[in-house]
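Please open the structure in the viewer and show the whole chain. The tour begins with the overall view and then turns to pairs of helices.

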Amino acid sequence: MTFNDIFKSSYLENVTQFSPIDTLIGILFALIIGLFIFMVYKKTFNGVMYSSGFALTLVGLSLVTTLVIMAVTSNVVLSLGMVGALSIVRFRAAIKEPIEIVYLFWSIAAGIVIGAGMIPLAVIGSAMIGIVLIIFANQKTHENPYILIVNCKDEATEEAALEMARTTLKRFLVKSKTVSGGGIELTAEVRLKDAATSFVNGIQGIEGVDHVTLVSYNGEYMS
């Protein structure tokens with residue numbers, strides 16, 4: 001019995017059909033595009049805390065996906081087994097920003113396209129996606145929204161604080177009002193006329209105002 005007789009399946013045939021050059025080319029392009037995705041994510045990130053682990057995951061995800069697709073496209077039976085194996089995997093990582101979903105799908109899609117041998121499509125598509133994301137990420141709004149929280153002792157103090165806010169701010173919109181035994185708490189979305197925040201000191205100087213808090217706002221509370 002020879003070594004070939006032991007493997008009656010097409011295992012040895014798959015080994016002989018394996019092309020190291022094609023694999024290296026695919027992995028190389030996956031690495032380049034993965035690093036490009038990494039740089040675009042780093043440049044366009046505007047969240048609270050930058051995660052270097054997530055950014056590195058984008059590079060690894062494109063490499064792993066490329067390797068898997070290369071193996072799957074060479075064998076139909078292997079593709080069915082791979083689907084079954086991946087179906088039992090459960091991911092528990094929390095997505096902090098909605099834009100992170102775009103980068104995850106981008107890395108996976110790039111790996112799939114490269115693994116399928118359509119490298120020009122992966123390069124052109126990734127370049128266009130990166131340009132679009134960079135253009136829209138660099139568009140800064142001139143009016144940054146803020147959340148103003150004012151704690152007052154009584155209604156008279158509240159009226160005085162509201163009057164000062166309306167005269168010194170470009171926009172003042174009350175979001176919530178809480179009345180308790182300790183006083184009144186106002187929460188409002190405000191837009192500044194300029195970058196100056198000296199109006200906070202003016203509101204704090206009103207008699208009866210316990211404290212004033214101004215925080216930046218972009219959909220979530222941030223300090």
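Accessible areas come from the Shrake-Rupley method with a 1.4 Å probe, and for residues only the protein chains shown count as cover. By this method the chain exposes about 14,600 Å², of which carbon and sulfur atoms supply 65%. This is a predicted model, in which local features need pLDDT of at least 70, side-chain atom pairs count only at pLDDT 80 or more, and totals for chains, interfaces and linings use all residues. Residues are numbered from 1 along each chain as its sequence is written, and side-chain values use heavy atoms, with hydrogens and water left out.

Next, select helix α3 (residues 20–44) and helix α7 (residues 119–137), whose axes come within 10 Å and cross at roughly 5° (axes are lines fitted to C-alpha atoms, for helices over the stretch in contact, with angles from 0 to 180 degrees between N-to-C directions). α3 is therefore roughly parallel to α7 (angles under 35 degrees count as roughly parallel, over 145 as roughly antiparallel). Display the side chains in contact (heavy atoms within 4.5 Å): among them are Phe29 and Phe36 in α3, and Leu133 and Ile134 in α7.

Methods
Helices (H or I, at least four residues) and strands (E, at least two) are DSSP runs, numbered from the N terminus. Angles under 35 degrees count as roughly parallel, over 145 as roughly antiparallel, 65 to 115 as roughly perpendicular and the rest as oblique.
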